[in-house]
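Q: Hey, could you walk me through a structure I've just opened? I'd like to chat about a few of its side chains.

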Amino acid sequence: MSDARKDRPTSRRGFLAAAAGAGALAAAGGARAQGQKPDPLITEPQDWNRFLGPGVDAAPYGKPSKFEAGVVRRHVGWLTADTISSINFTPLHQLDGIVTPNGLCFERHHAGVAEIEPGKHRLMVHGLVEKPLVFTMDDLKRFPGRVNKLYFLECAANGGMEWRGAQLNGCQFTHGMIHNVWYTGIPLKTLLDEAGMRNHAKWLLAEGADASLMTRSIPIEKAMKDCLVVWAMNGEALRPEQGYPLRLVVPGWEGNMWIKWLRRLEIGDQPWQQREETSKYTDLLADGRSRRFTFVMDAKSVVTNPSPQAPLRQKGPNVLSGLAWSGRGAITRVDVSIDGGRNWRNARIDGPVLPMSLTRFYVDFDWQGEDLLIQSRAMDETGYVQPTKDELRKVRGVNSIYHNNGIQTWHVKPNGETENVEIL
Ligand code: MTE
Ligand code: CO
């Protein structure tokens, strides 16, 4: 923020004065200012105080208020030929805190949602092991060593449409291939230890039971370090869209490795070179060569409010809010600029700061209707700093779809409308 801004702190007193000026509040303390019309919303009975409401069990599985009906995942029609092999996006601009509600986690399927009866699901562990194993869901739920972990999952293609310039007008669409969920399950290590890996075991192949037979090779060190086999998200069973009844969690690594409807783990001594790691999910560089096995999601952030789908509505005090994350560990700092990256101010991080999890940040600021060019820049515990889009393009060119973690710019106009732009 510019120095002038910095010197104008948003105090509670200032807020009340500004709100009264805008007619939102008659006077501090609720007393009506003289000469003002009474507000019928306060003085008249409303339907909700005159009639009884529905009783318990009216909605045995609860749902949001009907006034929140617009808070939904959305897809972009022209991106994919159909909705079977497609993607939709988490409404980041309508959420707060760091946990993504189950019904709002973006979906990415290569062959639609598999519907699996849990009693008929099996997980096989085989290959370079002493003892090949098959688990039922009941077996897994009786396994000792259950854990709960909060992790973000980001699709490698998040931001992929923005490589050549600003394209999609909304942070739901530019950054919404991400969710952050509390998982319950068991460390993959416990299953692999149970099977007993042979000495030359170096790689693990994970396979899904859906019609795409999604398969990815994962280095054994990662599998043993922090991967999980999970059956619950945010306290309840996985949603079908997220891989019910069983999914693999690969913390900090690209989403396509988090195999859903997980049915097979094979141990080997080299990667399998499957379709999803040769033809897809490689990063084509400017000189025609490709980067392969680019597993980690580097540090990234985005201002979720204001953003194109959540413009500024009122002058005076406003809350800028956003998310930061890193696949290499915890976020240590987020800076925010309102002048296109000339001046930066430290954002206030609030809530738990956990490794490989979304982290929430805020800047309380005062807006008087001036143009703003809003950016955020994340730093993680390895010292890595989120690059600008130009810095990224210098190294990677524009042929790539995946791993775009460049700094996003939103242009807030004097009427509060907000647009996805780039500063050249
Ligand atoms: N696993 C299977 N079996 N089938 C799939 O299509 N899609 C992958 C991954 N795991 C996929 C899968 C991709 S590309 C991503 S980004 C994540 O799942 C998406 O997880 P989500 O649908 O829970 O958001
Ligand atoms: Co993906």
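A: Happy to! One term before we start: a residue is called buried when its relative accessible area is under 20%. Also keep in mind that this is a predicted model.

Q: Got it. So is F143 buried or exposed?
A: F143 is buried, because its relative accessibility is 15%. F135 is buried too, as its relative accessible area is 6%.

Q: How are the rings of F135 and F143 arranged?
A: They make an edge-to-face aromatic pair, with 5.8 Å from centre to centre and 80° between the planes.

Q: And what about W253 and F295, what kind of pair is that?
A: That pair is stacked, because the ring planes are at 0°, with the centres 4.5 Å apart.

Q: Where do those two sit in the chain?
A: The pair links distant parts of the chain, 42 residues apart. W253 lies in the loop between β11 (247–249) and β12 (262–268), while F295 lies in the loop between β14 and β15 (300–305).

Q: Are W253 and F295 buried or exposed?
A: W253 counts as buried at 12% relative accessibility, and F295 is buried with a relative accessible area of 11%.

Q: Which residues make up the cluster linked by ring pairs?
A: W203, W253, F293 and F295 are linked into a cluster by ring pairs.

Q: Let's switch to helix α10. Which of its residues are buried?
A: In α10, which spans residues 389–396, the buried ones are K389, L392, R393 and R396. They are on the same side of the helix, because they cover an arc of only 100° around the axis.

Q: Why would residues a few places apart point the same way?
A: An α-helix has 3.6 residues a turn, so residues three or four places apart point the same way.

Q: What do the buried residues of α10 pack against?
A: They pack against β13 (283–284) and β14 (290–291).

Q: And which residues are exposed on the other side of α10?
A: Those are K394 and V395. Just after α10 comes G397, with a positive phi of about 70°.

Q: Last topic, the surface. Which residues make a nonpolar patch?
A: L41, I42 and W48 form a nonpolar surface patch of about 440 Å². W48 belongs to helix α4 (residues 47–50).

Q: Why does W48 count as exposed?
A: Because its relative accessibility is 66%, and exposed means over 50%.

How values were computed: Residues are numbered from 1 along each chain as its sequence is written. Chains are lettered from A and ligands numbered from 1 in the order in which they are written. Side-chain values use heavy atoms; hydrogens and water are left out. Patches are made of residues with over 30% relative accessible area and no salt bridge: like charges are joined within 9 Å, nonpolar side chains (Val, Leu, Ile, Met, Phe, Trp, Tyr) within 5 Å. Accessible areas come from the Shrake-Rupley method with a 1.4 Å probe; for residues, only the protein chains shown count as cover. A salt bridge is a side-chain nitrogen of Lys or Arg within 4 Å of a carboxyl oxygen of Asp or Glu. Helices (H or I, at least four residues) and strands (E, at least two) are DSSP runs, numbered from the N terminus. Buried means under 20% relative accessible area, exposed over 50%, partly exposed in between (1.4 Å probe, protein chains only). The arc is that of the directions from the helix axis to the C-beta atoms. Contact means heavy atoms within 4.5 Å. Rings of Phe, Tyr and Trp (its six-membered ring) pair if their centres lie within 6.5 Å; planes under 30 degrees apart count as stacked, over 60 as edge-to-face and the rest as tilted.
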